[in-house]
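Please look at the structure below before reading on. A few questions and answers follow it.

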Amino acid sequence: MSETRVLIVDDHPMVAEGIKAILESYPDIEVVGTLTNGQEAVEQAAGLAPDVVLMDLNMPNVNGLNATELLLEDNPELKVLILSMHDSPEYISTALGHGARGYVLKDVPTEQIKDAIDRVMAGERYLCTGASDSLKPATESGREPLTSREQTILLQLAQGKSNKEVAHILDISVRTVETHRKNIKRKLGISSTAGLTRYALEHGVLQGTGAGF
């Protein structure tokens with residue numbers, strides 16, 4: 001049986017050690033490390049070589065969202081699971097928009113964390129029951145909301161900037177811009193750059209009002 005290598009990133013040592021103890025009780029899980037912030041995760045991930053990263057959101061130095069984006073730039077195959085106490089739709093949709101493959105609330109039964117790891121390793125997206133329920137209103141409204149980063153990129157693209165120019169302005173990789181661009185088009189149901197510009201004009205994005213978000 002091949003083991004899934006898991007890295008835990010949480011600035012509360014007791015939380016991290018508790019999760020580690022639980023996961024190590026499973027024969028197919030190997031916890032390769034516990035780190036306290038996103039900066040450590042970005043610096044040490046290559047050496048630790050995890051398959052899955054359990055990532056807290058609110059941490060010092062580099063937060064969980066930025067760390068997720070940076071880790072996936074270096075290793076797109078890495079599976080990041082957000083493990084957080086926040087259940088608001090904004091937190092959840094933003095985390096998924098940054099590339100996380102799942103979102104698990106910290107108060108779930110411990111077997112759900114193991115289930116989440118197994119599911120993302122199988123190529124699925126995982127939302128625990130509480131997170132899934134929080135997103136239902138956004139889904140029922142007919143459109144998945146854009147994250148704040150996607151809104152920023154939409155504004156830049158609507159102003160006629162290229163992927164390379166947007167990457168330079170936001171200090172991210174061109175590949176990350178391309179990924180966000182695809183997600184924006186998918187969420188808005190738009191297939192062309194001209195369509196994005198028209199949407200931005202119609203919803204006040206170019207005027208900075210952000211209407212429609």
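Q: In what order do the six strands of the open sheet lie?
A: This is a predicted model, in which local features need pLDDT of at least 70 and side-chain atom pairs count only at pLDDT 80 or more, while totals for chains, interfaces and linings use all residues. Residues are numbered from 1 along each chain as its sequence is written, and side-chain values use heavy atoms, without hydrogens and water. Strands are DSSP runs (E, at least two residues), and two of them pair if DSSP finds at least two bridges between them. The pairing is parallel, and the order is E2-E1-E3-E4-E5-E6.

Q: Which strands are the edge strands?
A: An edge strand here pairs on one side only. E6 pairs with strand E5 (residues 102-105) over two bridges. The edge strands are E2 (29-35) and E6 (126-127).

Q: At about what angle does helix H1 run to E2?
A: Helices are DSSP runs too (H or I, at least four residues). Helix H1 (residues 13-23) lies across E1, E2, E3 and E4. Angles run from 0 to 180 degrees between N-to-C directions, with axes fitted to C-alpha atoms, for helices over the stretch in contact (heavy atoms within 4.5 Å). For H1 and E2 the angle is about 170 degrees.

Q: Which residues touch the most other members of the largest nonpolar core?
A: A nonpolar core is a set of buried (under 20% relative accessible area, 1.4 Å probe, protein chains only) Ala, Val, Leu, Ile, Met, Phe, Trp, Tyr and Cys residues joined through side-chain atoms within 4.5 Å. The largest has 44 residues. Those touching the most other members are Leu23, Leu54, Met55 and Ile117.

Conventions. Buried < 20%, exposed > 50% of the residue type's maximum accessible area, 1.4 Å probe, protein only.
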